[in-house]
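Me: Can you walk me through this protein? Keep it short, please.
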Amino acid sequence: MNSPLSRRQLLSRASTGFGMAALAGLMQEQALADTLLLHRAQKFAPKARSVIFLYMSGGVSHVDSFDHKPMLKKFAGQPMPGAVKKTQFNNNGTVQPSVWDFKRYGQSGLEVSDLFPQVGGVADDLCMIRSMTAKFSEHAQGNFFMHTGFPFLGFPSAGAWTSYGLGTESRDLPGYIVLQSGGASTPHGGVGLFSNGFLPAQHQASIVKADETEAVANIRPHQPQDMQRKQLDFIGSMDRRFVSTTQHDMHVEAAISNYEMAWRMQSAVPDLCDISGETEATKKLYGLDDPEPKKAAYARQCLLARRLVERGVRFIELSTLAYNIGGGNGANPWDHHSALQEGHGKMANQIDQPIAALIKDLRSRGLLDSTLVVWAGEFGRTPFAQGSNGRDHNPYGFTVWMAGGGVKGGHVHGATDDFGYNAVENISSVYDMWATVLHLMGIDHEQLTYRFSGRDLRLTDVHGNVLKDIIT
């Protein structure tokens, strides 16, 4: 393989007769070479090439979904045994058993509640981490922590780190995409959750509204293509003269790169969102024909996630939709401080079939082994009631799960205590989760760093251990 041209060589060749069209082609070739060089943190063969992050904003109750605790029935209506830590609202009631029964599924016998019967049907693909812990019990801090490893604005999201470390396998789409549909809101914390932080700008997320006429603002050109191309080339020529005065600062070059990506997205995004070529059987599998509009909207996100994986996008995040029940509002749909049975019931119905379909569809197309599906919220919920029929936030022990991408299917890692309150066995952290995700992508999380403000920063801060027990 020839060594990549320096950027000065590219500019020199462009100025001696290649022209801007040739320069664009050369820059694309250089981008591919740069992508290979970005693999400096990739220390071993990856098991996964893409991540689909199913984010459950608001905090799903693990004791009502994936962590069966029979002891809750035995102590129902009694004060919680032992010490109770401060909760978000400190309106703590008695021990509250789940209203949903649990069943064993598949050859593995994983226990899943009746909230998720279809996800239970793919239990042999699931690797449950029942000992997850987080440091924060407030939504915005919890969301930032789960996305970036830090509890506040200004740090790159896991998707941005993945894009920075590996580049993208797609020429026409960014490496990090967040899907929304049906009016889904961004979780508390805002779009900073999807930020590139201090990394170059091409690694920030692009938000794609899956069911809108313009999935990305201004994606439909308002000028003829040749005129638009001439304008872009003119702007590019000025930008490149400027960047030569900055000693080719990567942040300036990232802005130039983003112009070119936006140009290519004008055709790539409408093609992505046009699902007319999908079979009726596939649409039905996901639930796009469901009469419940929010379920159909989430189903479209799941289908587009598969299509993005097929197009080589590295990191895809999905967004749930709220029903405004019991505190579960737009930014935090799972946050049921009251009316938990109704709220969790509606939310689970929204996502159960689409997520199970996504896993089945990836498997049937030979994509599950190379796609890591991660299901998580910012924390779990208490085993005792808030008021009479809700649950408060609980970051001390909850469940996340993964599927595909090199994890053991039908496997359980760690455990909470008999009440599902505190993690007690193989206690895991958000840092461990992301260290493991990066490991499965072939990256040493300690090597994926960026020098900022005099310090080499990383997604896992100064923490994190790979959960080797869950890897095939």
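Below is a quick chat about this protein.

Me: What kind of model is this, and how are residues numbered?
Reply: This is a predicted model: local features need pLDDT of at least 70, side-chain atom pairs count only at pLDDT 80 or more, and totals for chains, interfaces and linings use all residues. Residues are numbered from 1 along each chain as its sequence is written, and side-chain values use heavy atoms, with hydrogens and water left out.

Me: How many helices and strands are there?
Reply: The protein has 11 helices and 19 strands. Both are DSSP runs numbered from the N terminus: helices are H or I with at least four residues, strands are E with at least two.

Me: How much of the protein is buried?
Reply: Of the 472 residues, 57% are buried. Buried means under 20% relative accessible area, with a 1.4 Å probe and protein chains only.

Me: Which residues have the most contacts inside the largest nonpolar core?
Reply: They are Leu 54, Phe 116, Ile 355, Trp 375 and Trp 401. That core has 65 residues. A nonpolar core is a set of buried Ala, Val, Leu, Ile, Met, Phe, Trp, Tyr and Cys residues joined through side-chain atoms within 4.5 Å.

Me: What is Trp 375 in contact with?
Reply: Leaving aside neighbours within four places in sequence, its partners include Leu 54, Met 56, Phe 116, Ile 355 and Trp 401. Contact means heavy atoms within 4.5 Å.

Me: What does the second core include?
Reply: This separate core has 51 residues, among them Cys 127, Met 146, Phe 198 and Leu 372.

Me: Why would such side chains gather?
Reply: In soluble globular proteins, nonpolar side chains tend to be buried together.

Me: New topic. Is strand 6 covered or exposed?
Reply: Mostly covered: five of its five residues, 176–180, are buried. Tyr 176, Val 178 and Gln 180 point one way, while Ile 177 and Leu 179 point the other way.

Me: Which strands pair with strand 6?
Reply: Strand 8 (residues 315–319) pairs with strand 6 in the parallel sense over three bridges. There, Ile 177 has Ile 316 as its bridge partner. Strand 7 (residues 206–209) also runs parallel to strand 6, joined by four bridges. Val 178 stands opposite Ile 207 in strand 7. Two strands pair if DSSP finds at least two bridges between them.

Me: And helix 11, how many of its residues are buried?
Reply: In helix 11 (residues 430–440), 10 of 11 residues are buried. Those include Asp 432, Trp 434 and Leu 440.

Me: What comes just after helix 11?
Reply: Gly 442 takes a positive phi of about 90 degrees there.

Terms used:
Buried means under 20% relative accessible area, exposed over 50%, partly exposed in between (1.4 Å probe, protein chains only).
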